[in-house]
Amino acid sequence: MKNDMHADTVILSKKLVAMDARGWDGPGYVAIKGNRIVGVGHQDEMQAMVGPATVVTDVGDRVVMPGFVDPHIHLEAISMINHTYVDVRVPICKSIKEMIQTLRAAIPTRLFDGWLLAQGNTFYDQKLEEKRYPTLAELDEISRDIPVLVQAGGHITLLNSKAMEIAGIDRNYVPPEFSVAGKCVVVRDANGDPTGQFQEMEAVLPFPRVKGDLLKTAIRETTKKYLTEYGVTSIGEISETTKGLEAMSELQRDGEMPLRVATYLWVPGTMTLDEACNWQQHIKPQSDSEWFNVEGVKIFTDGGFSSANAAMSIQYRHREQASMGEMAMSKEEIKHTYLSARASGLGLACHAVGDKAQEAICEAVIETGVSPANARLRIEHGGIFLPDYARTTGMWKAAGAKPCPQPTFLFGLGDFFTYFFGKVDGARGRFPFKQMWDDGWTVSGSSDAYGGADPRASNPFFGIWCSVKRETLYGEIIDPEQRVSVAQGLKMYTIAAATILGHDDVKGSLEVGKFADIIVLEKDPREEEMDELLKIKVDHVFVAGKLVHSRA
Ligand SMILES: [Zn+2]
């Protein structure tokens, strides 16, 4: 046996869960050489791999499986928030009163470039005890001299009077029609005065953002605490800034960030479509393509449910005026973006929460005549709410679109569909994961961890728990017939997630030739009670064949 056949490391387990095509699930070994997997098999076949320098680790009956993949996350955004925002999310602050107290107390130590920035939840108005957003008078109780911004999820921003003054917002203010996130709305009172509440306007407001070395530190620490320790070895990053992407690749190059990043360039938030199509002129990755690559373009085609701006085929009924939400892009614009990205070798990921938006994207792509078999089209949040399941999934199929749903939203959002759309329409097609599995869809899980998300969102076991138990914030179980098994939940965050990312040739399973991104779990999640899933720890994390985390 030639020496170069010998593995660097061999991990032996009674429970090797490979997620491969043959469905290997039982005793076995995985052998690593360099950054790749060079062998997977029965223990009695492993001797050929073991040389004098090979490290053999027997983990007993602990589960050995591929590292988790999170195909939709906002790592730069959560890094920035972890470092500069005061966390006032429920349950940290349960009421407006607690929020005001927390923020007042934070003024002496937590100002960032003169601003007090705070992070609330998505559906903050439903989660706070008062079941409403704070009024302008309440926001001014925090301070009248210091600008205060509270981000209530990704779609709603709250400003105090001082912040509005700096932003030049008064009763005569006319907002831009659209921001990068959707249709801009200034919420006004009966007199026409701004209430301090803004929809889809975060990107156009003049508050300070984290930059430079601080950004790098923030990304490194957030990656460790919120991803590596949970066993996440690969992400699909929805980009924020080119500086953030470059910081990630520098950290990878310097061995300070054991996480592979495939990014979707947010157009126009990060750069224009033209720039994204020529991204090599605007981003200089410092690590190689196994660690960092530009996968596609990300666009918003509608808004979100929390601002009633997801474009739906049914009516929102919770406001005085019924509406069906708003498209943020025309079909022609979607078509143009898709074809431009494609001509530059990029895929397209479309934020489309509402079913009408999802169908409009599919129509646009079908009209381009591109074969569904290689459409490279992702629908972000597709599969969260499908009141007409057959029609919408039929459109996905015709266009070759891959849905990218977030099971984590079931917890935070699940209660609200009937509130928005009524008891009948709102109860149809909520997170229909079991049905999607049965119909042959690749059902992936991702966190969409961003500012307003649940603090646990980036832990894949939280998403798996959401898919398996289907329990909401208010403790309801939503459509239990749509529960998936724990084994399916694990697939959603490994091989299925790698497939949605378009990286299933190198990630998502333990197979010869793939990256040696491997995790060892403390216990077997398939043998635990549902609520125990939330507590499962990852004992060891290997990325590119190197042990990058071990639990103390
Ligand atoms: Zn997102």
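Pro91 lies in the loop between E7 and helix H2 (96-110). In these labels, helices (H or I, at least four residues) and strands (E, at least two) are DSSP runs, numbered from the N terminus. The model is predicted, so local features need pLDDT of at least 70 and side-chain atom pairs count only at pLDDT 80 or more, while totals for chains, interfaces and linings use all residues. Residues are numbered from 1 along each chain as its sequence is written, and side-chain values use heavy atoms, with hydrogens and water left out.

The peptide bond from Val90 to Pro91 is cis, with omega near 10°. Another cis peptide bond joins Val267 and Pro268, where omega is about 5°. Pro268 is placed in the loop between strand E16 (260-266) and helix H8 (273-277). Arg376 is a residue other than glycine with a positive phi, near 50°. This arginine is found in the loop between helix H10 (355-368) and strand E19 (377-380). Such features stand out because most residues other than glycine have a negative phi, and most peptide bonds are trans.

Next come the strands. Strands of a sheet pair through backbone hydrogen bonds, either parallel or antiparallel. Here, two strands are said to pair if DSSP finds at least two bridges between them. Strand E1 (residues 9-17) and strand E2 (residues 25-33) run antiparallel and are joined by 7 bridges. In this pairing, Val17 stands opposite Asp25 in E2. E2 also pairs with E3 in the antiparallel sense, over 5 bridges, and Lys33 stands opposite Arg36 in E3. E2 and E3 form a hairpin with 2 residues between them, and Gly34 in the turn has a positive phi of about 60°.

A further sheet can be followed strand by strand. This open sheet has 6 strands in the order E7-E8-E9-E10-E14-E13, and its pairing is mixed. Its edge strands, which each pair on one side only, are strand E7 (86-87) and strand E13 (185-188). E13 pairs with strand E14 (residues 194-199) in the antiparallel sense over 3 bridges. Arg188 has Pro194 in E14 as its bridge partner.

How is the chain divided into domains? The domain assignment gives domain 1 (1-66 + 510-552) and domain 2 (211-297 + 329-350 + 374-509); such bounds come from an automatic or database domain assignment. The C-alpha centres of the two domains lie 26 Å apart. In contact (heavy atoms within 4.5 Å) are 29 residues of domain 1 and 30 residues of domain 2. The size of an interface is often given as the accessible area lost when the parts come together. Domain 1 and domain 2 bury about 2600 Å² between them, 69% of it on carbon and sulfur atoms. Buried area is the accessible area (1.4 Å probe) that two parts lose on being put together, summed over both.

Charged side chains also link parts of the structure. A salt bridge is a side-chain nitrogen of Lys or Arg within 4 Å of a carboxyl oxygen of Asp or Glu. The structure holds 36 salt bridges. In one of them, the side chains of Arg62 and Asp539 meet at 2.7 Å, N to O. This pair links distant parts of the chain, 477 residues apart: Arg62 is in the loop between strand E4 (55-58) and E5, and Asp539 is in strand E22.

Between domain 1 and domain 2 there are 3 salt bridges. Arg36 and Glu290 meet through their side chains in a salt bridge of 2.9 Å, N to O. Which elements give two or more residues to the side of domain 1 that touches domain 2? They are strand E3 (36-41), strand E5 (63-66), strand E21 (518-521), strand E22 (538-543) and strand E23 (546-550). The largest share of this side, 4 residues, comes from E22.
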